[in-house]
Amino acid sequence: MPKSKSQPATCCVENLQPVRVRCPECGGGQFEPARGRFGPIWRCTNHPQCAFWLSSKPTGKKCRYTLDHKPCGALMVEGTKTIADRCSDKNCPNRNPHKLKSTATD
Ligand SMILES: [Zn+2]
Ligand SMILES: [Zn+2]
């Protein structure tokens, strides 16, 4: 087997396993790896009926960041080596946990 074959970054999708995390959008699907435009994405197994997808692997945990006394509740996704697990909701401050300060400055 030739090992030196150069492959695009999306090659590793085949090595990823589906995760048993329920899709918050349709409530019935789970997440499976798929080829995204810029690398692997995690999309709902009810695709294409459900268009929900995440750019990082969901951890199965829910965001516990509270905003206006209401828990966010969005799915948490895996972070990187330097960033902790983060919220998948782009509008949630916990999306960028490394930028969060322990106390707000207002
Ligand atoms: Zn779904
Ligand atoms: Zn959140």
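**Ground rules**

I note that this is a predicted model, in which local features need pLDDT of at least 70 and side-chain atom pairs count only at pLDDT 80 or more, while totals for chains, interfaces and linings use all residues. Residues are numbered from 1 along each chain as its sequence is written, and chains are lettered from A and ligands numbered from 1 in the order in which they are written.

**Confidence**

I checked pLDDT, the predictor's confidence in each residue, from 0 to 100. Its mean over the chain is 87, and 85% of the residues reach 70 or more. Confidence is lowest in strand E5 (residues 66–67), with a mean of 90, and highest in E7, with 97.

**Sheets**

I looked up the pairing next; two strands pair if DSSP finds at least two bridges between them. One open sheet has 3 strands in the order E1-E2-E3, with antiparallel pairing. Its edge strands are E1 (31–36) and E3 (53–54), each of which pairs on one side only. E1 and E2 are antiparallel and share 6 bridges, and a hairpin of 2 residues joins E1 to E2. For one bridge I wrote down the residues: Arg35 has Pro40 in E2 as its partner.

Another open sheet, also listed with 3 strands and antiparallel pairing, has the order E4-E7-E8. Here I found E4 (58–62) and E8 (86–87) at the edges, each pairing on one side only. Between E7 and E8 there are 2 bridges in the antiparallel sense. Val77 stands opposite Arg86 in E8.

**Core**

I then looked for buried residues. A residue is buried if 20 or more other C-beta atoms lie within 10 Å of its own, exposed if 12 or fewer, and partly exposed in between, with C-beta atoms placed from the backbone. Buried residues make up 16% of the 106 residues in the chain.

Which residues make up the largest nonpolar core? A nonpolar core is a set of buried Ala, Val, Leu, Ile, Met, Phe, Trp, Tyr and Cys residues joined through C-beta atoms within 7 Å. I counted 11 residues in the largest one: Cys23, Phe31, Trp42, Cys44, Leu54, Cys63, Cys72, Leu75, Met76, Val77 and Cys87. Strand E2 (39–44) and strand E7 (75–77) are the elements that give two or more residues to this core. E7 supplies the largest share, 3 residues.

Why does this core lie between domain 1 and domain 2? It does so because domain 1 (15–55) and domain 2 (58–100) both give residues to it. The domain bounds come from an automatic or database domain assignment.

**Contacts**

Two residues are in contact if their C-beta atoms, placed from the backbone, lie within 7 Å. Over the chain, 23% of the contacts with a separation of 6 or more are between residues 24 or more positions apart.

Cys50 sits in the loop between E2 and E3. I put it down as partly exposed, because it has 16 C-beta neighbours inside 10 Å. Not counting residues up to four places away in sequence, Cys50 touches Cys23, Glu25, Cys26, Gly29 and Cys44. Gly29 is 21 residues from Cys50 along the chain, and their C-alpha atoms are separated by 8.3 Å.

Ser55 and Val77 are 22 residues apart in sequence, and 8.5 Å apart in space from C-alpha to C-alpha.

Leu100 is in the segment after E8. Its 13 C-beta neighbours inside 10 Å make it partly exposed. Leaving out residues up to four places away in sequence, I found that Leu100 touches Pro93 and Asn94.

Definitions and conventions:
Helices (H or I, at least four residues) and strands (E, at least two) are DSSP runs, numbered from the N terminus.
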